Amino acid sequence: MASTTLQEHEVAHHFDDLEQEFESQKFGMWLFMASEIMMFGALLVGGLFLLYLHPDAFAESRPHLDWRLGALNTFFLLTGGFTMARAAGFAQQREQGKVRTNLILSLLLACGFLVVKTIEYKAKFHHGLLPGHAFHGEGFTSLHAHIFFGYYFVATGLHALHVLIGMGLMIWCLKVSKRVQFTRDYYTPVEFAGMYWALVDLVWVFLFPLLYLVG
Amino acid sequence: MEHGHDYQPGHTYNFQILGRVYAGLLVLAALMIGFFLMPIERLPIDWLDLHLIKRLLILADAITMVGIIAGFLMGLKYEKTKLNAVIFLSNFAFLTIFLLFVMADIGMRGAMDPSFTKQLNWKSPVTEENNKMQEAPAP
């Protein structure tokens with residue numbers, strides 16, 4: 001059995017005990033999440049600002065985004081959040097195999113998200129729906145359509161970068177799961193990767209309606 | 001490994017609750033798309049801004065989803081250390097203040113600064129291309 005070769009987690013030398021280690025890490029994670037919320041929050045408020053200033057550009061440009069693809073990506077992200085939470089739950093139960101299965105499922109769903117995003121970007125490039133001076137879309141009456149697509153690429157690009165980082169965390173968790181036995185006392189890597197993925201979900205839940213539905 | 005006392009980090013994950021949360025999120029996502037597809041234009045109501053109602057419904061749906069994600073998937077509901085919850089939630093308070101300032105700015109800048117419209121109507125590439133086409137000599 002592979003589990004017999006796994007080592008138990010040991011508290012890092014600069015912590016007194018497991019409680020101090022976990023609570024310190026959790027505090028750091030929440031601070032990090034807070035900084036991320038501030039960054040994406042500013043971006044979303046910027047989006048609302050642009051929507052208010054150029055409703056014509058949003059109304060005319062939004063139909064060029066396929067809400068079906070956005071909905072599919074919403075499904076991928078929400079299911080990924082669910083499988084990551086399950087992975088953390090199985091880590092608590094020492095079910096190393098099920099942890100890996102759920103991590104791999106989450107990884108595949110994240111890949112699915114990026115594939116859909118690539119399809120969307122490809123269509124935008126093909127039709128010249130690009131930011132600033134690169135914009136050469138045809139049939140637009142609004143003078144500010146390029147601003148919408150500028151916002152679209154910045155917002156979804158930054159979000160996609162976070163999806164990539166989340167995938168990196170999942171791969172890291174998979175590596176840790178081959179080395180260390182997760183227990184009820186130590187499942188921190190999977191829990192924190194799951195929290196990060198929930199943040200990715202949370203941002204998308206605002207971005208999806210702002211870009212694809214409201215306009 | 002010495003733990004000192006019967007300390008257990010975090011909360012115990014309940015798969016049944018997780019399943020319900022996931023189902024709830026999918027239903028809310030479907031509802032959001034339902035609001036978007038709702039043909040409100042056909043309703044014979046002109047005393048109410050139905051487009052605004054539609055936007056508010058979508059926004060309320062998104063906020064509910066965010067609450068569920070933060071509460072259950074991030075584990076905010078089970079957070080024992082209140083400081084962590086305060087740190088996370090205070091962000092939304094700051095964002096609200098930021099949003100209010102932005103709204104006040106948009107709403108009042110025109111009254112204070114007559115050049116507001118000129119400043120924000122950035123030159124569009126579409127306009128530039130149209131101008132070039134108009135300026136080009138006829139063949």
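A residue is called buried here when its relative accessible area is under 20%. This briefing concerns a predicted model, in which chain A has a mean pLDDT of 91 and 98% of its residues reach 70 or more. Chains A and B bury about 5800 Å² between them, and a network of salt bridges links A:Lys26, A:Glu191 and B:Glu79.

**Helix α2 of chain B**

- The buried residues of α2(B) are B:Leu50, B:Lys54, B:Ile58, B:Asp61, B:Ala62, B:Met65, B:Val66, B:Ile69, B:Ala70, B:Gly71 and B:Leu73.
- Their cover includes α3 (67-92) and α6 of chain A, together with α1 (15-37) and α3 (82-112) of chain B.
- B:Gly75, which follows α2(B), has a positive phi near 85°.

**Helix α6 of chain A**

- Of the 26 residues of α6(A), 25 are buried, so this helix is largely enclosed by the rest of the structure.
- Its end C-alpha atoms are 37 Å apart, in agreement with the 38 Å that residues 188-213 should span.
- The helix has a kink of about 25° at A:Leu207, shortly before the proline A:Pro209.

**Interface of chains A and B**

- Chain A contributes 69 residues to the contact and chain B contributes 59.
- Carbon and sulfur atoms give 75% of the area buried between the two chains.
- B:Tyr13, B:Phe15 and B:Met74 supply 12% of the area that chain B buries against chain A, more than any other three residues.
- One salt bridge is found across this interface; it joins the side chains of B:Glu79 and A:Lys26 at 3.5 Å, N to O.

**Salt bridges within chain A**

- A:Lys26 also pairs with A:Glu191, with the closest N and O atoms 3.0 Å apart. Because A:Lys26 lies in helix α1 and A:Glu191 in helix α6 of chain A, the pair ties together parts that are 165 residues apart in sequence.
- A:Lys26 is buried, at a relative accessible area of 4%, and A:Glu191 is buried at 3%.
- A:Lys117 and A:Glu120 form a salt bridge at 3.0 Å. Both are buried, and they stand about one helical turn apart in helix α4 of chain A.
- A:Lys98 and A:Glu95 form a salt bridge at 4.0 Å; A:Lys98 is partly exposed at 41% relative accessible area, and A:Glu95 is partly exposed at 30%.

**Confidence by element in chain A**

- Helix α4 (residues 96-126) has the highest mean pLDDT, 97, among the elements of chain A, and strand β1 (residues 7-8) the lowest, 82.

Definitions and conventions. Residues are numbered from 1 along each chain as its sequence is written. Chains are lettered from A and ligands numbered from 1 in the order in which they are written. This is a predicted model: local features need pLDDT of at least 70, side-chain atom pairs count only at pLDDT 80 or more; totals for chains, interfaces and linings use all residues. Side-chain values use heavy atoms; hydrogens and water are left out. pLDDT is the predictor's confidence in each residue, from 0 to 100. Helices (H or I, at least four residues) and strands (E, at least two) are DSSP runs, numbered from the N terminus. The expected span of a helix is 1.5 Å times one less than its number of residues. The bend at a residue is the angle between axes fitted to the seven residues ending there and the seven starting there. Buried means under 20% relative accessible area, exposed over 50%, partly exposed in between (1.4 Å probe, protein chains only). Contact means heavy atoms within 4.5 Å. Buried area is the accessible area (1.4 Å probe) that two parts lose on being put together, summed over both.
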